[in-house]
Each structure stands twice: as C-alpha cells, then as structure tokens.
Amino acid sequence: MLIEVDRVGKSFAVRHGQMMIMQDISFRVNDAEFVSIVGPSGCGKSTLLRLIQGLDRPTQGEIRFRGRPVTSVNLDMAMVFQNFALYPWLTVRENVGFGLEALHRAPDQIRATVERYISVTGLVGFEEAYPRELSGGMRQRVGLARALAVDPTLLLMDEPFSALDALTAEGLREEVLQLWQDPGLPPEGVILVTHNIEEAISLSDRVIVLSRRPAQVLEDVRVDLPRPRERKSDAFYQLTDHVYALITEGAHAKPPGAPGTTSA
C-alpha cells in the first residue's frame, strides 16, 4: 500500500470563521497503480495533493505513506505542476538536477542521473537552453525529468497538461504512460489531478470522483479497460458519461458498494 487517505478534512480561516474545503475523504493507492482525482473546480483537488505530499496538514483525519503518518514534506514523492515551476535563470540541465543538488547527491551521480532523464524525456540537444527558449511542451518535459530524477516512489501530477495545446498534451500523456509502465524507471505509483475526464479514464486504473465543496468522495471508479485505450469504444464512452454524471449530479451518486464501485 502506497497511500492511505483516512477520513481527511481540511478547512481554512476566512473573515467570518472557517471554510471547510473537504471532509471525510478516504481512499487508497496501491503499488503499481495510476489513480486520477477529478471533480468540480474549487473542490480542493490540488489542496489534496499538497496534503498527500506533506506540504500542508489536514485539519481532520490522517494520511499514511507505506503505513506511516505523513507529518512533513515526504521526499519519496515528487510533484509535476501545471505552470511548469521552472527556475528561469537555470538551464534545462540545471533545472533537472536541482532536486538532486538539494538532496546533496555526489556530483558524478547528479551528472549521470540528469543525463539519463534528459534522454528518456526527449530533451537531448536542449541541455543548455533556458526555459524562456522552450515551448510549453518542452518546459513540461523538464518538469517531468526533474521530478523523475529524484527517484520518487510516488509521482504527483497537478493538471500537468492543461496549459498545453491539444496535440502536445496528447503526446505527453502517452509518453508519461510509457515511462510509468517501464519497470526500470520510477515511480511505483502516480496520482493525477485533472479536470479532463477523458484524460483520467485514458490514463488511470481508478478515478476518484469528488463532489463540490466541501468535497467528499462520490465514487471510486475502476477502469477495467486494456491499454492502449480506444477512446471511441462504447466502454470508454460509458465510463466517461458515468463520471461526468457523477460530477454534475453528485446528489444521485451510487452509495458505496453499489455496482460499478470499489473500495480499493
């Protein structure tokens, strides 16, 4: 078991008291699973990723990694952000190696690791380029290479394709899936936050569907479709429609244990 989110709630102070963002959120992520989190805008999906990594603490409940409570930033996880989050004054090579330097790895190890992930993410030839000289797709490749370089057990992805054009996003989705399926590369699990329901079903083993704020888990949808997935198939359409209906008509979601749900 990689991650257990156990009855987690989160609130923030506002002018007239506390605003509850999420409550009683529970789900698990197993080894070798790709899990997506979807839900309406403002329901706390990105906040939940921050809680999982330990960048923030839940108001209620507990998050456990490998059975141990997450009480601070977990260095066995890495995040890929929507807005690339690259250092503009550093080259591609330096951005990819930044996390390794922060971990005080040996210079020879840093060089070898950086070269490896520059290669596997298609950045060869751009090592000395600065972020301003790269397209959005190439910048996100740098962000992915930087995350993978620290050898994370769990990769967290916060809407990593939403700022890209459709063709670039589709190509990167396929590459991320190929990298994750490579047994010689990290990570062991992936959690993706996305607004794109088709993206979630295309990539994931399971899709956690959250309600509007204060968010709760409407359903944990298992995606039992073979890869590569055919988006024009009836089964794909049915899953897409089901998740869309859950989000837009949350009050009519199936109770836990109903057909089509899982508590994995």
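Strands here are DSSP runs of E with at least two residues, helices are runs of H or I with at least four, and both are numbered from the N terminus; two strands pair if DSSP finds at least two bridges between them. Residues are numbered from 1 along each chain as its sequence is written. This is a predicted model, in which local features need pLDDT of at least 70 and side-chain atom pairs count only at pLDDT 80 or more, while totals for chains, interfaces and linings use all residues, and side-chain values use heavy atoms, with hydrogens and water left out.

Begin by selecting β8, where five of five residues are buried (under 20% relative accessible area, with exposed being over 50% and partly exposed in between, using a 1.4 Å probe and protein chains only). Gly-189, Ile-191 and Val-193 point one way from this strand, whereas Val-190 and Leu-192 point the other way. In a regular strand the side chains alternate between the two faces of the sheet.

Strand β3 (residues 34–38) runs parallel to β8 over four bridges, and the bridge partner of Ile-37 in β8 is Val-193. β7 is also parallel to β8, joined to it by five bridges, and Leu-154 stands opposite Gly-189.

Finally, select Phe-161 and look at what surrounds this residue. Leaving aside residues up to four places away in sequence, Phe-161 touches Ala-169, Leu-172, Arg-173, Val-176, Glu-199 and Leu-203, where contact means heavy atoms within 4.5 Å.
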